[in-house]
Amino acid sequence: MALNLALLKELSEAAGVPGREEAVREIVLRELTPLADEVRTDALGNVIARFRGGSGPKVMLAAHMDEIGFLVKHVDEKTGFVRLDPVGGFDPRVLVAKRVVVHTESGDLVGAIGTKPVHVLTEEERKKPLEIKDLFVDLGLPAEEVKARVQIGDFVTLRQDFVAMGELVSGKAMDDRVGLFAMIEAVRKLRERSFEAEVYAVATTQEEVGLRGARVSGYGVSPEVGIALDVTIASDVPGASESDYVTKLGEGVAIKIKDSASVSNPKLVRFLRKIAEERDIPYQLEILPRGGTDAGAMQLTKEGVAAVTLSIPTRYVHSVVECVHPRDVEATVDLLAAFLERAHEGEYSL
Ligand code: CO
Ligand code: ZN
């Protein structure tokens, strides 16, 4: 299978912070509407696409559309420099000297993230860790013009193109556009296959601020099985010890055992491993010490849901050079599609 990298590029380069996922939602609707039996959106902006199989279990897939970013919180009266309120967790160290886009009602403005030059920092200041409040956006415009065009609450994203980098692909917002991509490509395969499950592919909103879209869409769908598609840490880099890798790039889809938002249903984990082994799909097992996915929200829906996450190993998560290996993306699509075909054979209650 050759991956449709043009779609992944389009998703990665689209802009959408928690609560402002409209540009991503448009792409998802364009892709899912011709495939699904029924597509709807809800008040939080989740896209819910239903694929009717037979009398099998209700399976909800969740991949989030939002990316970490900022909202404009202040425009300096005299200088026009813009201050930011984070939506989701950026490490301030990765933000310095980056380009951003401020999405205003009258169009996009390109800016640069600035900070006080190192040349004029005091000894004390140089020792202090950088914080978001030390950063500002320079739009290169007179204060009057910034004030006329930029409003409190306008959203701000990092600007970065998606590129091939050796065997990898790299860009911004691979968290979680690559998960979204894997979900879309897996349900695309449902068209050519027979399946018994009733599948709901949900593109969720506001994951990065607390799994909010998954919580309400999970309630609406009320599934028996929930599978989140998301990235996970691959810290297989110099300076990290092998016991801290979490996952390794290129070694296949990661079947999550646990993170800080969920403990995966062990029967679901076992069933996924069995399918992967039978179909020769490369996989690895994942325990993530810190972080969570939409599985955490789905698992706690109503009376409880058998949930798991299929993760795509990613280097430099929450930076604009997030890297994934196409082989791992392909393994994720293959395992998810194979599971959907056989979901009715599984036993999920403990
Ligand atoms: Co994230
Ligand atoms: Zn994510």
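Predicted model: local features only at pLDDT ≥ 70, side-chain atom pairs only at ≥ 80, totals over all residues.
Q: What makes the largest pocket one that lies between domain 1 and domain 2?
A: Look at who supplies its lining. Domain 1 (5-67 + 172-345) and domain 2 (69-158) both give residues to the lining, so the largest pocket lies between them.

Q: Which residues lie nearest the centre of the largest pocket?
A: Of the 28 lining residues, those nearest the centre are Ile-233, Arg-290, Gly-291, Val-317 and His-318. Strand β13 (residues 225-233) gives the most to this lining, with 4 residues. The pocket's volume is about 640 Å³.

Q: How many residues of each class line the largest pocket?
A: Its lining has 8 nonpolar, 10 polar and 10 charged residues. Glycine counts as polar here, so Gly-291, one of the residues nearest the centre, belongs to the polar class.

Q: What lines the second largest pocket?
A: Its lining includes Val-96, Thr-115, Lys-116, Leu-121, Glu-125 and Asp-134. By class, this lining has 6 nonpolar, 1 polar and 5 charged residues.

Q: Why is helix α5 called oblique to helix α9?
A: The axes of α5 (residues 174-190) and α9 (residues 326-342) cross at roughly 45° and come within 8 Å. That angle makes α5 oblique to α9, because angles under 35 degrees count as roughly parallel and 65 to 115 as roughly perpendicular.

Q: Is the crossing of α5 and α9 left-handed or right-handed?
A: The crossing is right-handed.

Key. Residues numbered from 1 in each chain as written. Chains lettered and ligands numbered in written order. Heavy atoms only, no water. 1 Å grid on protein atoms, 1.4 Å probe; cavity = no way out; pocket = protein on both sides within 12 Å on 5 of 7 lines; lining within 4 Å. Points joined across faces, edges and corners; volume = space filled by probe spheres on them. Helix = DSSP H or I, 4+ residues; strand = E, 2+ residues; numbered from the N terminus. Domains from an automatic or database assignment. Axes fitted to C-alpha atoms, helices over the stretch in contact; angles between N-to-C directions. Parallel < 35°, antiparallel > 145°, perpendicular 65-115°, else oblique. Left-handed = near helix turned anticlockwise from the far one by under 90°.
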